[in-house]
Amino acid sequence: MANSLKRTQSIFSNKLLANTLLALMLSAMLAPAFAQFGPYPRHILVITSDVLAITGLPAAVPDSPQVDIYSLDAVANAEAALSVLLPVDEEQALAMLQQRIAEIGQARLEEDLANAYKALAMAMSYDLDRYPAMIFDEEVVIYGLTDVTQATQIYQNWLRDEQGSAAHE
């Protein structure tokens, strides 16, 4: 029995070591593809709609950028959720709406609506005129892409070019 226990512990230790090594290797392989192109941006803000799928999100590894995704459809979605199948009668509709708000909770509803309006507020504050848009480190906007890796490569190339231009001045 003791021999079997030692063998089991040895196998477990070897599996743990192998799994740890595998995890480290996969982390290195799954690190964002744009790591080779230049410095990471610290933050990427994505403004999009529900019909556009955002792809190429960086793996959660050290130094990967924070990516925040906001949908311009969030306000309409929140309003639609509250108003779905409301009766035609105004008093009945108001009563049902108040019941829904009570079920959700006023604080939760206010938080959800505030989050829904963030996409619109961000779009206005950055003076965006179309979407999808990705804002890198609050300074560079790239329009028309839904792949974060591809947009990051473009940003890094721009950044490298800007730094190269500044060095030659």
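What average pLDDT does the protein chain have, and what percentage of the residues score at least 70? In this predicted model, the protein chain averages a pLDDT of 79, and 75% of the residues score at least 70, where pLDDT is the predictor's confidence in each residue, from 0 to 100. Over residues 2–37 the pLDDT is below 50, and this stretch has 21 contacts in the model beyond near neighbours in sequence, a contact meaning heavy atoms within 4.5 Å. Where pLDDT is low, the predicted coordinates should not be read in detail.

Residues are numbered from 1 along each chain as its sequence is written, and side-chain values use heavy atoms, with hydrogens and water left out. Local features need a pLDDT of at least 70 and side-chain atom pairs count only at pLDDT 80 or more, whereas totals for chains, interfaces and linings use all residues.

**Overall architecture**

- The secondary structure of the protein chain comes to 5 helices and 4 strands, helices (H or I, at least four residues) and strands (E, at least two) being DSSP runs numbered from the N terminus.
- Read along the sequence, these elements follow the pattern α-β-β-α-α-α-β-β-α.
- Of the 169 residues of the protein chain, 24% count as buried, that is, under 20% relative accessible area, with exposed meaning over 50% and partly exposed in between (1.4 Å probe, protein chains only).
- Among the contacts in the protein chain with a separation of 6 or more, 52% are accounted for by residues 24 or more positions apart.

- The 4 strands form an open sheet in the order 2-1-3-4, with mixed pairing; two strands pair if DSSP finds at least two bridges between them.
- Strand 2 and strand 4 (140–143) stand at the edges, each with a single partner strand, so one side of each is left without a neighbour in the sheet.
- The twist averages 20 degrees from one strand to the next, and helix 4 (residues 106–125) packs on the sheet, touching strand 1 and strand 2, with its direction at about 100 degrees to that of strand 2.
- Strand 1 (residues 43–48) pairs with strand 2 (residues 66–71) in the parallel sense over 6 bridges, and in this pairing valine 46 stands opposite isoleucine 69.
- Strand 1 also pairs with strand 3 (residues 133–136), in the antiparallel sense over 4 bridges, where isoleucine 135 is the bridge partner of leucine 45.
- Strand 1 is mostly covered, with 6 of its 6 residues buried: His43, Leu45 and Ile47 point one way, while Ile44, Val46 and Thr48 point the other way.
- Strand 3 and strand 4 pair in the antiparallel sense over 4 bridges, with phenylalanine 136 opposite valine 140.

- Valine 140 is buried, with a relative accessible area of 11%, and, not counting residues up to four places away in sequence, valine 140 touches Met134, Ile135, Tyr155 and Trp158.
- Valine 140 and leucine 159 are 19 residues apart in sequence and 9.4 Å apart in space, C-alpha to C-alpha.
- The count of aromatic pairs comes to 2, under the rule that rings of Phe, Tyr and Trp (its six-membered ring) pair if their centres lie within 6.5 Å, with planes under 30 degrees apart counting as stacked, over 60 as edge-to-face and the rest as tilted.
- Phenylalanine 136 and tyrosine 155 form a stacked pair, 4.7 Å centre to centre with 10 degrees between the planes, and this pair links distant parts of the chain, phenylalanine 136 lying in strand 3 and tyrosine 155 in helix 5 (residues 148–168), 19 residues apart.
- Phenylalanine 136 counts as buried at 0% relative accessibility, and tyrosine 155 is buried with a relative accessible area of 2%.
- Phe136, Tyr155 and Trp158 form one aromatic cluster.

**Helix packing**

- Helix 2 (residues 74–83) and helix 3 (residues 90–104) pack at an angle of about 115 degrees, with their axes 9 Å apart; axes are lines fitted to C-alpha atoms, for helices over the stretch in contact, and angles run from 0 to 180 degrees between N-to-C directions.
- This contact is made by Ala81, Leu82 and Ser83 of helix 2 and by Leu97, Arg100, Ile101 and Ile104 of helix 3.
- Helix 2 and helix 4 pack at an angle of about 150 degrees, with their axes 7 Å apart, through residues that include Leu82 of helix 2 and Tyr117 of helix 4.
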